[in-house]
Amino acid sequence: MAAPPNFEEGQSTYRPPRFNGQYYGWWKTRMRDFIMAEDSKLWDIICDRIFVLTKNLGDLVVAIPKTRKEFNDANQKAIEKNFHAKKILVCGIGPDEYNRISACQSAK
């Protein structure tokens, strides 16, 4: 995949690549690499998981969402990973794309 014309050298390794509405394939590859370098589990969260912590209701098969008061340490770590992934994605897009995804709760 070729870099877009007028590609500027010297982009930050601390900030995610910015999507400008063009060259999505190029941005996507760079964003995946950036996220994998941060933490490979973040990429798993983005690709595989629609994130809702649930609890079972007694013997019933119905699962209902947990309240924040019911989170244990493992749940809290999972929530933090989800929001870390979402933060990286949000930092890598422009205002037009942000308006489309701002209401999403999960990184997926």
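1. Buried face of helix 3. In this predicted model, helix 3 buries N75, A78, I79, N82, A85, K86, I88 and L89. Those buried residues pack against helix 1 (24-38) and helix 2 (40-48). An α-helix has 3.6 residues a turn, so residues three or four places apart point the same way.

2. Geometry of helix 3. The helix covers residues 73-91, 19 residues in total.

3. Start of helix 3. Look at N72 here. One of its side-chain oxygens comes to within 3.1 Å of the backbone nitrogen of A74.

4. Overall layout. The protein has four helices and two strands. Read from the N terminus, the order is α-α-β-β-α-α.

5. Take the contacts in the protein with a separation of 6 or more: 50% of them join residues 24 or more positions apart. Of the 108 residues, 27% are buried.

6. Surface. The accessible surface is about 8,100 Å². Carbon and sulfur atoms contribute 52% of that area.

7. Helix 4 and D96. Helix 4 spans residues 95-101 and contains D96. Is D96 buried or exposed? Its relative accessible area is 55%, and the cut-off for exposed is over 50%, so D96 is exposed.

Key: Residues are numbered from 1 along each chain as its sequence is written. This is a predicted model: local features need pLDDT of at least 70, side-chain atom pairs count only at pLDDT 80 or more; totals for chains, interfaces and linings use all residues. Side-chain values use heavy atoms; hydrogens and water are left out. The expected span of a helix is 1.5 Å times one less than its number of residues. Buried means under 20% relative accessible area, exposed over 50%, partly exposed in between (1.4 Å probe, protein chains only). Contact means heavy atoms within 4.5 Å. A polar contact is a pair of N or O atoms within 3.5 Å; within protein, one must be able to donate a hydrogen and the other to accept it, and residues adjacent in sequence count only if both atoms are side-chain atoms. Accessible areas come from the Shrake-Rupley method with a 1.4 Å probe; for residues, only the protein chains shown count as cover.
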